[in-house]
Amino acid sequence: MPNRPTGRKRTLAERTYLLPVLRDLARTGAHLVRTVARPEARVTVEYPEVEKPMSPRFKGAHRLLLRDDGGPRCVACMCCAMVCPAKCITIVAREDPEDPQEKVPVRFEIDLLRCIFCGYCVEACPKDAIRMDTGIFELNAFARQDLVHGMAYLTNLAKDARAEAAVFHRQHPEAAPPGFLPDEPLPVDPEILARPRRRVPPVTRE
Amino acid sequence: MSPGLQVLVVAAKIVFVLGFVLGLLPVVIWMERKGAAFLQDRPGPNRAGVLGIRASGALHAVADVIKLVFKEDVVPSGVERGWWALAPLVGLTTALVTFGFVPFGDEIRIAGQSVRLQVVDAEGGALFVLAFTSLSVYGTMLAGWASNNKFSLLGGLRASAQTVSYELAMGLTFVSVLLVYGTLALDRIVEAQAGAPWHWGVAQGFGIVGVPAFVLFFVAVFAETNRVPFDLPEGEAELVGGFHTEYSSLRFALFFMGEYAALVVSSAVVTTFFFGGWQVPFLDGTALRLHAGAVLAAVGIAVGIGASGGAVLALRARRRRFYRALLPADPRRREPLFWAVVWTVAALGGLGLAVAGLVDLPARVPWGPGAVAIMAQFGAFTVKTLFGCWCFVWVRWTLPRFRYDQIMDLGWRRLVPLALALVGLTAVWVVARETWGGG
Ligand code: SF4
Ligand code: SF4
């Protein structure tokens with residue numbers, strides 16, 4: 001046969017075809033024995049139950065970091081909103097009532113449905129106020145709005161990465177940024193609210 | 001035997017054989033999926049479950065059936081309606097009919113009458129097997145032609161060309177087998193293989209005749225059943241779904257079942273010709289009845305040891321990362337315990353069998369030895385057939401698919417001359433055996 005990619009002549013044993021077949025059967029058979037005898041040797045991670053350890057450099061959902069006094073580090077400089085190629089960061093700024101020389105965000109929303117997780121916002125921030133180190137990649141929701149993460153949620157992630165945007169905002173409507181929630185809150189399945197969380201705490205590098 | 005009783009016996013045998021083949025189908029499908037996964041270092045299907053008991057993915061077959069039943073039955077426009085509807089039935093029917101010729105146990109005596117455990121004890125059984133296995137290609141061809149689809153047509157064409165090519169090698173190997181046994185009746189072929197494994201067909205002529213015959217036959221069977229490495233008719237990389245592209249819902253399920261029924265039946269036929277059919281190694285029917293107690297005890301002990309091992313493994317599974325990561329409310333948490341209990345019950349059953357065998361219970365009831373013998377023989381047949389199916393699975397997930405010209409080359413230029421040479425060799429050996437009484 002002309003199809004001989006190695007360019008090497010086949011040996012007689014190879015040309016019988018059956019002997020290599022037997023060798024290959026033995027090889028796959030060895031894999032079978034190993035897979036059955038040592039379930040931990042399987043390559044599959046049985047995902048929702050078992051999770052792979054996340055790399056510390058993994059770019060997951062964003063969070064906003066806080067200053068030592070509890071206020072957001074963000075100074076609403078708009079660098080991130082400017083650099084964002086998906087134009088998915090919305091910031092509304094105002095004067096800091098305590099220190100009129102400072103600018104603070106009143107609204108800071110990231111539309112994760114449009115975000116392409118490029119990480120430019122993290123690079124651009126002069127204050128190291130925004131990071132993507134939560135390790136959250138299961139971004140799913142029953143309403144699109146729930147994937148527009150507002151400031152309360154983003155800063156809350158700095159404290160507790162396990163909170164979920166929709167659940168958090170609906171449980172704490174007072175903490176939601178103005179205009180975030182519709183007048184009539186969407187009905188939430190109580191089962192979802194009661195759902196236990198099992199995510200590992202994120203890698204924090206303060 | 002009165003005609004009424006005869007009809008009843010035949011009907012019972014038919015129902016039994018149908019139940020056997022159709023009952024093995026989910027087992028073989030499960031074996032295929034799980035075997036494929038294990039050969040590739042994967043855990044395989046393991047999500048479908050009832051109350052947290054997932055049975056290693058065995059329930060996926062049930063889920064599949066439910067899904068296929070509720071799917072829409074799409075009839076594409078332009079199909080040859082009648083032939084198109086007939087095609088999926090052909091494969092399954094021919095496979096089931098073929099099984100009717102395969103003996104699955106020794107003669108038994110019911111009410112003073114001897115009953116052969118074979119639906120049709122035809123004198124020319126082997127020829128019928130050959131005929132019906134080749135008929136199955138009509139299903140593929142009809143599907144390909146009637147679907148009004150180029151890909152289906154190509155798949156059907158490939159199937160017919162391939163089957164015709166391998167039919168020849170298969171028929172010649174049949175000649176060799178028949179020369180050795182001197183009969184076409186499958187029950188007598190099995191009877192000739194009684195006793196030790198070196199009386200089996202595969203060991204004929206000290207293996208010089210038997211092994212090549214087996215290999216040639218096995219390769220031809222792969223091509224006949226369109227299994228990898230010869231599954232070109234449905235080569236999905238080139239032909240979408242091949243001949244069953246246009247079939248959905250239950251019609252597709254029929255093709256699927258037909259494929260696996262053909263697998264079971266081919267493996268039963270290979271067992272019958274080369275691996276002693278229902279013969280228990282080293283123990284022919286008389287010996288089985290004589291040592292019924294010992295046989296029962298041996299089976300019981302084997303079951304007991306195996307099931308105890310299963311129970312230990314089931315309990316050890318709790319240490320796996322998967323089970324440790326489950327939430328407290330997850331019903332799958334009780335799975336290891338459930339299987340441990342099941343295996344323990346099985347082990348106790350094995351213990352019961354062993355005790356019954358050791359006190360020689362079968363000898364104390366008139367039908368005891370016969371019942372043990374028939375169960376042992378049928379069990380041997382089932383185990384051999386399932387192992388044959390496993391070999392099909394094993395090969396499928398080890399070898400890549402052949403190219404079309406390679407298949408034709410292998411069939412016509414390698415297998416046919418080899419099979420011809422084998423017939424000559426067999427003839428020489430048969431004459432030598434008759435002359436010098438060897439063998
Ligand atoms: S990761 Fe990229 S796309 Fe997403 S918000 Fe930051 S800059 Fe925009
Ligand atoms: S770049 Fe940093 S400081 Fe500037 S608006 Fe964005 S998050 Fe705030």
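This is a predicted model: local features need pLDDT of at least 70, side-chain atom pairs count only at pLDDT 80 or more; totals for chains, interfaces and linings use all residues.
Local features need pLDDT of at least 70 and side-chain atom pairs count only at pLDDT 80 or more, while totals for chains, interfaces and linings use all residues. Residues are numbered from 1 along each chain as its sequence is written, chains are lettered from A and ligands numbered from 1 in the order in which they are written, and side-chain values use heavy atoms, with hydrogens and water left out.

**Exercise 1.** Work out the strand order of the open sheet in chain A and identify the strands at its edges.

Solution. Strands are DSSP runs (E, at least two residues) numbered from the N terminus, and two strands pair if DSSP finds at least two bridges between them. Strand 2 and strand 3 (residues 103-111) of chain A pair in the antiparallel sense over seven bridges; among them, A:Val92 is partnered with A:Arg107, and A:Thr90 stands opposite A:Glu109. Strand 3 also pairs with strand 5 of chain A, antiparallel and over two bridges, with A:Asp111 opposite A:Val148. The order of this open, three-stranded, antiparallel sheet is therefore 2-3-5. Strand 2 (89-95) and strand 5 (148-149) each have a single partner strand, so one side of each is left without a neighbour in the sheet.

**Exercise 2.** Describe the interface of chain A and chain B by its contacts, buried area and salt bridges.

Solution. Counting contacts (heavy atoms within 4.5 Å), 26 residues of chain A touch 25 residues of chain B. The two chains bury about 2500 Å² between them, 62% of it on carbon and sulfur atoms, where buried area is the accessible area (1.4 Å probe) lost on being put together, summed over both parts. Three salt bridges cross the interface, the criterion being a side-chain nitrogen of Lys or Arg within 4 Å of a carboxyl oxygen of Asp or Glu. A salt bridge also joins B:Arg320 and A:Glu46, whose closest N and O atoms are 3.1 Å apart.

**Exercise 3.** Classify the residues around ligand 1 and ligand 2.

Solution. A residue belongs to a shell if one of its heavy atoms lies within 4 Å; Ala, Val, Leu, Ile, Met, Phe, Trp, Tyr, Cys and Pro count as nonpolar, Asp, Glu, Lys and Arg as charged, and the others, Gly among them, as polar. Around ligand 1, the shell has 12 nonpolar, two polar and no charged residues, and A:Cys84, A:Cys115, A:Cys118, A:Gly119 and A:Cys121 come nearest. The shell of ligand 2, which includes A:Cys74, A:Met78 and A:Phe108, divides into 11 nonpolar, no polar and no charged residues.

Terms used. Helices (H or I, at least four residues) and strands (E, at least two) are DSSP runs, numbered from the N terminus.
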